[in-house]
Amino acid sequence: MKQRHYFLLLLVFLLVKAATAQVLTTPDGKMIRIGAGEQSPLMSVPAEPVPGVSDLQITGAPVAGIEYTAGYTYSDPLGRGEDHTDIVWFRADDENGTNEVQIATGTNYTLQNSDVGKYVYVRFTPYADDGAGGTVGGESEQATPFLVRETYYENPYLGQGWDHMLINVVNISFDGGDATSGDEIAVFDGNICCAHYTITGPVTVGDNNSYLSLSASKVDMGNDGYTPGNAITIRYWRKSAPTRDYSASLEFFNNSGDLITAPVFTPSETTFVQVTITP
């Protein structure tokens with residue numbers, strides 16, 4: 001009697017287990033049964049590998065009017081070819097993407113005046129050709145945001161500065177040619193920009209109307225201007241080749257046009273200089 005009762009209980013258990021079991025179909029078409037409380041083997045199936053982008057390259061200068069170019073390297077773990085990659089440009093109030101606005105798509109974007117004072121960045125999303133007329137999307141990658149400026153050189157001091165030294169540029173030669181409109185020149189004390197100027201055309205000895213006057217400001221707080229007695233240097237930025245700037249060779253003159261030993265930064269003094277840039 002006890003044995004019969006045991007078999008009846010076993011039969012009820014098996015019927016209940018069968019009733020709560022599930023039948024699932026695997027991606028390859030096979031049927032599998034799992035019991036109540038068991039984890040589906042499908043849960044452990046790894047996600048399909050997706051394409052990616054790396055070596056993000058954003059080239060240009062962070063100045064309004066300059067064209068930036070976006071580049072990247074595409075790869076796919078399954079060897080699938082690239083169908084396309086979405087390249088989208090954004091503008092935001094800070095590096096964290098606050099008040100993000102989409103401003104362009106595609107490889108190239110020219111910075112606008114409306115971008116000045118904002119952060120611009122690019123987001124890349126790759127898509128692989130799945131071989132059946134469709135695509136497989138990958139993870140988006142974002143290039144480092146950069147702050148857009150109105151000019152390439154910027155003075156660190158606020159306002160007009162003080163205890164100025166006037167540096168008059170009477171000639172500029174860039175690789176044997178003239179300065180061009182949109183180029184910039186700046187007076188430095190070490191790595192501190194003490195004055196800068198956006199050029200509008202050639203600067204040539206004998207043409208007084210072409211001369212540039214850069215009023216360099218003395219240090220006031222921190223590292224915001226020149227220190228008296230330090231050497232004067234000049235740097236030059238070419239708008240047509242915006243990804244770098246150049247150091248300049250200098251020849252200084254007095255009011256009579258006589259060549260003089262290079263002066264140092266001195267409050268209320270005036271000097272004249274010819275600038276030569278050899279790329």
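This is a predicted model: local features need pLDDT of at least 70, side-chain atom pairs count only at pLDDT 80 or more; totals for chains, interfaces and linings use all residues.
# Asking how we know

User: What makes Glu48 and Arg80 a salt bridge?

Analyst: The closest N and O atoms of Glu48 and Arg80 are 2.9 Å apart. The cut-off is a side-chain nitrogen of Lys or Arg within 4 Å of a carboxyl oxygen of Asp or Glu, so the pair counts. In general, side chains of opposite charge can pair when their charged atoms come close.

User: Which parts of the chain does that pair tie together?

Analyst: Glu48 lies in the loop between strand S2 (31-34) and S3, while Arg80 lies in the loop between S4 and S5, so the pair ties together parts that are 32 residues apart in sequence.

User: Is Arg80 buried or exposed, and how do you know?

Analyst: Arg80 has 13% relative accessibility. Buried means under 20%, so Arg80 is buried.

User: How many salt bridges are there in the structure?

Analyst: The structure holds 8. One of them joins Arg91 and Asp115, with the closest N and O atoms 2.8 Å apart. That pair links distant parts of the chain, with Arg91 in strand S5 and Asp115 in the loop between S7 and S8, 24 residues apart. Asp115 is at 0% relative accessibility, so it counts as buried.

User: What about Lys118 and Asp93: what makes them a salt bridge?

Analyst: Their closest N and O atoms are 2.7 Å apart, and the limit is 4 Å, so they qualify. Lys118 sits in the loop between S7 and S8, and Asp93 in the loop between S5 and strand S6 (101-105), 25 residues apart.

User: Why are Lys118 and Asp93 called partly exposed?

Analyst: Partly exposed is the band between buried, under 20%, and exposed, over 50%. Lys118 has a relative accessible area of 28%, so it falls in that band. Asp93 is at 32%, so it does too.

User: Let's move to the rings. What makes Phe90 and Tyr121 a stacked pair?

Analyst: A search of the whole structure finds 10 aromatic pairs. In the pair of Phe90 and Tyr121, the rings are 5.8 Å centre to centre, with 25 degrees between the planes. Ring centres must lie within 6.5 Å to pair, and planes under 30 degrees apart count as stacked, so both tests are passed. Phe90 lies in strand S5 (residues 82-92) and Tyr121 in strand S8 (residues 119-129), so the pair ties together parts that are 31 residues apart in sequence.

User: Are those two residues buried or exposed?

Analyst: Phe90 has a relative accessible area of 9% and Tyr121 one of 2%. The limit for buried is under 20%, so both are buried.

User: How do you know that the charge of Arg123 sits over the ring of Phe90?

Analyst: The charged end of Arg123 is 4.3 Å from the ring centre of Phe90.

User: Which rings form a cluster?

Analyst: Ring pairs link Tyr152, Tyr153, Phe188 and Trp237 into a cluster.

User: Phe188 is in strand S13. Why is S13 described as largely enclosed?

Analyst: In strand S13 (residues 184-189), 6 of the 6 residues are buried, so the strand is largely enclosed by the rest of the structure. Glu184, Ala186 and Phe188 point one way, Ile185, Val187 and Asp189 the other way, and all are buried.

User: What makes S13 and S14 a strand pair?

Analyst: Strands pair if at least two bridges are found between them. S13 and strand S14 (residues 192-198) run antiparallel and are joined by 6 bridges, so they count as a pair. Ile185 stands opposite Tyr197 in S14. The two strands form a hairpin with 2 residues between them, and Gly190 in the turn has a positive phi of about 65 degrees.

User: And which residue of S16 stands opposite Glu184?

Analyst: That is Trp237. S13 and strand S16 (residues 233-237) also run antiparallel, joined by 5 bridges.

Key. Residues are numbered from 1 along each chain as its sequence is written. Side-chain values use heavy atoms; hydrogens and water are left out. Buried means under 20% relative accessible area, exposed over 50%, partly exposed in between (1.4 Å probe, protein chains only). Helices (H or I, at least four residues) and strands (E, at least two) are DSSP runs, numbered from the N terminus. Rings of Phe, Tyr and Trp (its six-membered ring) pair if their centres lie within 6.5 Å; planes under 30 degrees apart count as stacked, over 60 as edge-to-face and the rest as tilted. A charge sits over a ring if NZ of Lys or CZ of Arg is within 6 Å of the ring centre and within 35 degrees of the ring normal.
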